[in-house]
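Here are my notes on this one, point by point. Have the model open while you read.

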Amino acid sequence: MSSTTKQPASAAPTLPRSGFLTRLRPWAAGATVWYLRLIALLNLVAVLLTPFRTTVRHHSEGQFFTPYLMTAGLAAMVLSLFLAVSMRRRKRAAWIFNTGLGGLTFLLYLLALGFPGEDHYNRHGFNYFSTVLTGLFVLALLVSRREFTSKGDRSNPKTAVATFFGGLIVGGAVGAILVGFYNTLPGANLGDRFGYAIARMVTVEPSEHVLDVINVPNWLNAFINAMGAVLFLLVLYVAFRSPRGKELLTPQDELKLRELLDRQGERDSLGYFALRRDKAVIFSPTGKAAIAYRVVGGVSLASGDPIGDPEAWPGAIDRWLAEAREHAWAPAVMGASEEAGVIYARHGLDALELGDEAIVELDEFSLEGRAMRVVRQAYNRVKRAGYTVRIRRHEDIPEAEMAELLSKADRWRDGQTERGFSMALGRLGDPDDGRCVMLECHDAQGELRALLSFVPWGPKGLSLDLMRRDRETENGLMEFMVIELLERAKEVQLERVSLNFAMFRSVFERGSRLGAGPVLRLWRAVLAFFSRWWQIESLYRANAKYRPIWEPRYLLFEKSSEIPRIGLASARAEGFITAPSLPALFRRRHARSAALAATSGLPVAERDGKG
């Protein structure tokens with residue numbers, strides 16, 4: 001006898017209907033997005049082409065009305081486009097806005113069509129078209145309701161209202177002043193000018209109610225309308241922006257991560273960088289794996305491989321992706337290995353090769369041989385000049401000496417902006433990082449001239465974190481220090497060292513070979529050009545001299561259309577782009593770092609990062 005319970009006959013018709021609605025919801029959600037995109041395009045055409053703008057205006061006045069959000073205004077174009085983007089990201093706030101405004105518009109159209117009279121709304125066929133199209137849009141919204149689950153920040157509505165009224169007052173005041181200067185007709189008082197400016201921030205065409213007292217150039221009308229578009233864009237951004245996410249790594253999270261690194265830290269050379277305290281962390285249901293990430297510009301940006309047992313990685317990835325979708329963040333991973341990339345791909349992420357990490361295996365490294373002649377000569381030249389290198393764990397450095405090292409590191413920093421995220425720890429001299437290794441290079445007179453800091457990579461590996469040197473020293477000092485570490489690896493029980501990351505390494509290598517195609521050679525030439533400002537080719541050349549093993553690293557993403565957004569967020573996280581911020585007085589400070597600095601008496605220096 002089968003254990004399967006049959007459904008009652010009356011319930012049978014419900015199943016296909018439910019399945020049909022489930023399959024229909026994504027299509028309905030996509031239809032709303034494409035409707036808004038089309039309306040944005042038509043609004044733009046109406047702004048640029050006078051004949052079409054006149055037609056739209058004719059069907060928006062008197063006894064005519066147009067489909068939802070179809071006007072001749074630049075502000076409506078911006079609104080439609082922004083709503084399309086927000087709806088594509090499945091933001092709940094955008095769905096509520098469209099459903100409320102679209103539903104109200106649809107009801108008003110129905111009432112207008114039902115109102116009797118000669119030459120009224122129901123006498124014009126285009127009104128029925130507008131009503132049907134608006135109704136279909138509202139219907140698609142209702143059908144796809146469950147698709148829009150991404151939450152916004154609770155403070156967004158209040159901030160958006162304040163931004164709207166504040167911007168309206170400022171824009172109206174600026175517009176009134178300009179209208180006062182360029183108005184060619186008499187009789188307009190301050191209220192007329194202010195009201196005209198407010199009205200002009202919504203539509204391109206002049207208001208017919210004030211044409212008898214206000215006449216200004218077309219460029220001024222367009223300028224005021226552009227102010228309205230900027231205001232709408234700002235209000236929409238504030239209203240629909242995603243939450244910024246968790247800001248800091250808690251002490252409890254850090255303790256759990258360190259336990260995972262103690263057990264599985266040798267799997268990934270970037271694992272220790274998950275301990276950056278400007279990252280958040282999400283654990284698998286079993287607690288055996290974790291993903292460290294940071295939310296930047298609406299992008300949930302993880303770095304490196306998940307920490308912990310690979311068998312538990314899928315659980316952590318599922319939770320991370322679920323959180324990203326809940327808040328409409330674009331998920332992305334910087335610097336994932338091929339092993340992690342395969343697992344991420346099973347969860348819907350695509351991959352793009354970023355470059356290669358240089359890893360030196362100590363049992364294979366030697367200065368002997370013709371291939372190492374140039375490196376060997378440079379090493380001997382610096383050594384003959386009297387330079388020496390001291391290698392110590394951070395925990396073995398006395399407090400006073402560490403304070404001096406931090407002072408020198410800050411002084412030698414290249415610029416005020418700290419760089420590094422995916423391959424940087426973001427601090428130096430923290431008591432919790434005692435197993436890190438410091439290399440101090442002194443000249444013949446005993447003066448400190450350069451330093452390197454490495455983070456642990458499992459029990460017998462190191463990963464480069466910080467490189468600082470006095471700019472007045474001779475070239476080759478960093479290479480000298482790296483070779484000293486490789487030659488004296490037994491002092492810190494090393495088997496392997498991860499050096500700098502070389503972006504687009506394969507392009508430089510394959511592009512210089514005989515028979516390289518024209519596209520590859522062109523791409524290599526472009527990268528070589530930009531290497532004048534960024535260390536792209538030079539990092540590859542500097543790493544290649546150690547004859548390392550090249551391990552590819554990947555950028556992982558969910559949608560290719562999000563790559564520009566992810567690239568911008570990555571540049572901000574790595575410190576290549578600095579977003580405007582409030583003065584330091586108003587910034588939230590890292591309470592834990594401040595407490596550590598107060599108790600230890602040491603300044604906390606940050607770093608430039610790998611590469």
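**Notes on rings, helices and contacts**

1. Start with the aromatic cluster made by Tyr 35, Tyr 68 and Phe 137. Rings of Phe, Tyr and Trp (its six-membered ring) pair if their centres lie within 6.5 Å, and planes under 30 degrees apart count as stacked, over 60 as edge-to-face and the rest as tilted. Keep in mind that this is a predicted model, where local features need pLDDT of at least 70 and side-chain atom pairs count only at pLDDT 80 or more, while totals for chains, interfaces and linings use all residues. Residues are numbered from 1 along each chain as its sequence is written, and side-chain values use heavy atoms, with hydrogens and water left out.

2. How many aromatic pairs does the structure hold? There are six aromatic pairs. One of them is Tyr 68 with Phe 137, a stacked pair with 5.2 Å centre to centre and 25° between the planes. This pair links distant parts of the chain, 69 residues apart: Tyr 68 is in the loop between helix 2 (50-58) and helix 3 (74-88), and Phe 137 is in helix 5 (residues 125-143). Helices (H or I, at least four residues) and strands (E, at least two) are DSSP runs, numbered from the N terminus. Tyr 68 counts as buried at 2% relative accessibility, and Phe 137 counts as buried at 3%. The cut-offs are under 20% relative accessible area for buried, over 50% for exposed, and partly exposed in between (1.4 Å probe, protein chains only).

3. Next, look at Tyr 182 and Trp 219. Their ring centres are 5.1 Å apart and their planes are at 80°, so the pair is edge-to-face. Because Tyr 182 lies in helix 6 (residues 156-182) and Trp 219 in helix 8 (residues 218-240), the pair ties together parts that are 37 residues apart in sequence. Tyr 182 counts as partly exposed at 38% relative accessibility, and Trp 219 is partly exposed too, with a relative accessible area of 47%.

4. Two arginines sit over rings. The charged end of Arg 90 is over the ring of Phe 148, 5.5 Å from its centre. Arg 92 lies over the face of Trp 95, at 4.7 Å from the ring centre. The test here is NZ of Lys or CZ of Arg within 6 Å of the ring centre and within 35 degrees of the ring normal.

5. Helix 4 (residues 92-114) passes a length check: at 1.5 Å a residue, its 23 residues should span 33 Å, and its end C-alpha atoms are 32 Å apart, which agrees. The expected span is 1.5 Å times one less than the number of residues. The buried residues of helix 4 include Trp 95, Asn 98, Gly 102, Gly 103 and Tyr 109.

6. How do the neighbours of helix 3 pack? The axes of helix 3 and helix 4 come within 8 Å and cross at roughly 130°, whereas helix 3 and helix 8 pack at about 20°, with their axes 8 Å apart. Axes are lines fitted to C-alpha atoms, for helices over the stretch in contact, and angles run from 0 to 180 degrees between N-to-C directions. Helix 3 and helix 4 are therefore oblique to each other, and helix 3 and helix 8 are therefore roughly parallel. Angles under 35 degrees count as roughly parallel, over 145 as roughly antiparallel, 65 to 115 as roughly perpendicular and the rest as oblique.

7. Finally, Asn 127 is found in helix 5 and counts as buried at 0% relative accessibility. Asn 127 and Thr 66 are 61 residues apart in sequence and 6.9 Å apart in space, C-alpha to C-alpha.
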